[in-house]
2 protein chains.
Amino acid sequence: MEKHDQEFIRKKNRMLVFNSIQQHHPISRTDIAKLSGMSAATVGRVVADLIELGLVKETDQISGGVGRKATMLELDLESIMTVGVEVDRNLTKAALVDLSGRIIVEKQQLIDQNEKQLDNLIDAIVRLVAEMAAEQGIPHSKFIGAGVGLPGIIDSEQGVVVFSAQLGWRNVPFAERLEARLNMPVVLDNDLKVKALGESSFRSLDVIPAETVENITALVSVGSGLGAALIMDQKIYRGSRNIAGEIGHSIIDPNGKLCECGKRGCLQTYITDLALLQEANQIREVSNLQELFRYMEQGEPWARSIIDRACSYIAITINNVVCTYNPNSIILTGKFIEEHPGMFEAVNLKLQEFIGEHFSGSFEMFRSKLGERSVMIGAAKLVLQQQIDYGLIHKS
Amino acid sequence: MEKHDQEFIRKKNRMLVFNSIQQHHPISRTDIAKLSGMSAATVGRVVADLIELGLVKETDQISGGVGRKATMLELDLESIMTVGVEVDRNLTKAALVDLSGRIIVEKQQLIDQNEKQLDNLIDAIVRLVAEMAAEQGIPHSKFIGAGVGLPGIIDSEQGVVVFSAQLGWRNVPFAERLEARLNMPVVLDNDLKVKALGESSFRSLDVIPAETVENITALVSVGSGLGAALIMDQKIYRGSRNIAGEIGHSIIDPNGKLCECGKRGCLQTYITDLALLQEANQIREVSNLQELFRYMEQGEPWARSIIDRACSYIAITINNVVCTYNPNSIILTGKFIEEHPGMFEAVNLKLQEFIGEHFSGSFEMFRSKLGERSVMIGAAKLVLQQQIDYGLIHKS
């Protein structure tokens, strides 16, 4: 057996057992074996590893079933801590996230738009994390790393923000810079990709038993931008340059409206906040989506028409994602959906019109479970996943 | 180590070594180790397996380099044979394909459209295979299986044609029926998926060394239909129901032309043969694409306009596939491209207009290497892959 093959299997088994405990604790070794399809011997070995790494501990609880009593396992929530960060245009949010994926504490800070933005941002993140650690009395040695979700094209392997229109960055080695200041491993990724990871890892075992069907989850997000992300087998699908899912720039009409990317008729020009506001302002002065929705509620037909058309194009987007990826779950999220009651249902209704016969019934559509915290939780999950994969965690 | 984990690694290594020999034979064990990154001991063990299975043999040739002489390995082309079949609306093609992916002999037959089509078809395939085997003097015991590529939605695991508009079938257990008559294992899959598998497996090691970058190949096919297929790591990406890549029914314009699926503005209504002919016939009676192309060559502006627009929409299709899958290779194929000189270049030129900044340079676009034989070769590759995976091959 090759060393890297052994490594691969060890990683896979470690994540599998960890996920079983994360989602079903307290749980016995026997039940982990049943759930994962692994032998008792392997489960025992992997659990011993996880206990050694400080991720898992035995509890006083005893299995209630008949027959031999079994010691139960649960996550050792006190042993380690991760940081999850979301960086957006004007706002930075950071949270301390425990092994179970639960946010212990979170803070946020508005970021000025000026030439020192990058330094400001790093200062802010470092300060937020330090404050939260101090308030909670968590020593630095417990932190195994920080995950950061940002809008844009991210080279996750190198930790570089290749391009972010929202942040105005090009080729910024953000992970390295933040790592030096935070003094812990930092992993970057695109915000939608970590959001999808967060949402799917806290949902997958609920919906579909891991052992029966490969769970393929596509997330579609609609707000200031439009994008998708795909999770296969609890891993982010990245494509060759980590830009898979940039469906906002798939083209709908070559003679359509000009997009910020310079092309015409990109899908996002039909759906994003800016697109809807531009349309609304042809009729009346409208400064934000809340206002547009108020006009709709007041019965203005033009406002209803704009929002109705947006829902149609979101349903079309979902159809196109489903045709391409053929997932079994779709998570529909983003500010357009989250902040305006009824929009999830409205899109769902439109789907009947736009989903073809053979795809209808091939997927279930869900709302976000984690809401505004999903990027932070997903980013924390990414760094945890990586640290468990590479076995870099050492008990302090 | 779990038994199924050992199995997984064994399969992976077996395919890796087999592919190295298939694409570089004659090759020494040392060079396989270098190419695959595996240890000499593992390569030795896997090669012994492959020799035992009858897939590989040692040759008289000796490595020409300095230092210790090494025995070379090559495929044992005489030991086993696969069958590759393509079933299309009116035509069935079958080939005997050897271990190197080379077609030894091929035959084809027109199929009548009548109520006995399924029986006719199975009769025809059985007869074609029997004739070819007799002509080549290949005993039945050498055949390890047949792969079949068909248009439509295929449940590859169950061997069932779920739906094929082109064949007029619904829920036909084709693999079982054909297996009983051919008396060998039969694997079915969608024609574009096996085509992509064929094209990518005979290209991947040429272009990108397997060990450096994960090779993600998307195939886009334009002809009587429009579809895509994705190959990751030499495996077909299927999605949850093996219908990933059905991009012909992604929607471009909700008010567009009616599609055969009952929706409006499906991408295929802009591109397929039928769509172009319908448009042409608004101007002049045109009965097939060849005629339309002749009008264009004669300088008819309406014919040029129709074909030019089709090329734009094909470029848009490629943009949309690239945004979603982010592959490093695109294979552009299908009758529209293969049968009309200049169309590959025309689409390539259009791409500059439709590919966004961050995707430009992210992929290379290729023509089909295998042409009209790609479905047969890919289908044969699929059955070989499966038989090597499951280790079902036994030396006769």
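Which residue of strand 7 of chain B stands opposite B:Thr82? In this predicted model, B:Gly145 of strand 7 stands opposite B:Thr82. The legends below take each close-up in turn.

**View 1. Strand 7 of chain B pairs with strand 4 and with strand 11.** Strand 7 covers residues 143-150 of chain B, and eight of its eight residues are buried. Its pairing with strand 4 (residues 81-87) of chain B is parallel and spans six bridges. Its pairing with strand 11 (residues 186-190) of chain B is also parallel, over five bridges. Here B:Ala146 stands opposite B:Val186 of strand 11.

**View 2. Five strands of chain B form an open sheet in the order 6-5-4-7-11.** Pairing in this sheet is mixed. Strand 6 (103-110) and strand 11 of chain B are the edge strands, and each pairs on one side only. On average, neighbouring strands are turned by 15 degrees against each other, direction ignored. Strand 4 and strand 5 (residues 91-97) of chain B run antiparallel and are joined by six bridges. Within strand 5, B:Leu96 is the bridge partner of B:Val83.

**View 3. Another open sheet of five strands in chain B has the order 14-13-12-15-16.** Its pairing is mixed. Strand 14 (235-236) and strand 16 (364-367) of chain B each have a single partner strand, so one side of each is left without a neighbour in the sheet. Strand 15 (residues 329-333) of chain B runs parallel to strand 16, with four bridges between them. B:Leu332 has B:Arg367 of strand 16 as its bridge partner. Helix 6 (residues 191-201) of chain B packs on this sheet, touching strand 12 (216-222), strand 13 (226-232), strand 14 and strand 15. The direction of helix 6 makes about 45 degrees with that of strand 13 of chain B. Helix 12 (residues 343-354) of chain B lies across strand 15 and strand 16, at about 170 degrees to strand 16.

**View 4. B:Ser221 sits in strand 12 of chain B.** Its relative accessibility is 10%, so B:Ser221 counts as buried. Leaving out residues up to four places away in sequence, B:Ser221 touches B:Leu192, B:Leu226, B:Gly227, B:Thr333 and B:Gly334.

**View 5. B:Asn320 of helix 10 (residues 301-325) of chain B touches residues of chains A and B.** B:Asn320 is buried, with a relative accessible area of 14%. Its contacts are A:Ser250, A:Ile251 and B:Ile252, again leaving out residues up to four places away in sequence. The C-alpha atom of B:Asn320 is separated by 28 Å from that of B:Met376, 56 residues apart along the chain.

**View 6. Helix 9 (residues 289-297) of chain A packs against helix 10 (residues 301-325) of chain A.** The angle is about 120 degrees, and the axes are 7 Å apart. That angle makes helix 9 of chain A oblique to helix 10 of chain A. The crossing is left-handed. Helix 9 contributes A:Leu292, A:Phe293, A:Tyr295 and A:Met296. Helix 10 of chain A meets them with A:Trp302, A:Ala303, A:Arg304, A:Ile306 and A:Ile307. By class, the contact has eight nonpolar, no polar and one charged residues.

Note on methods:
Residues numbered from 1 in each chain as written. Chains lettered and ligands numbered in written order. Predicted model: local features only at pLDDT ≥ 70, side-chain atom pairs only at ≥ 80, totals over all residues. Heavy atoms only, no water. Axes fitted to C-alpha atoms, helices over the stretch in contact; angles between N-to-C directions. Helix = DSSP H or I, 4+ residues; strand = E, 2+ residues; numbered from the N terminus. Parallel < 35°, antiparallel > 145°, perpendicular 65-115°, else oblique. Left-handed = near helix turned anticlockwise from the far one by under 90°. Contact = heavy atoms within 4.5 Å. Nonpolar A, V, L, I, M, F, W, Y, C, P; charged D, E, K, R; others polar. Buried < 20%, exposed > 50% of the residue type's maximum accessible area, 1.4 Å probe, protein only. Pairing = 2+ DSSP bridges.
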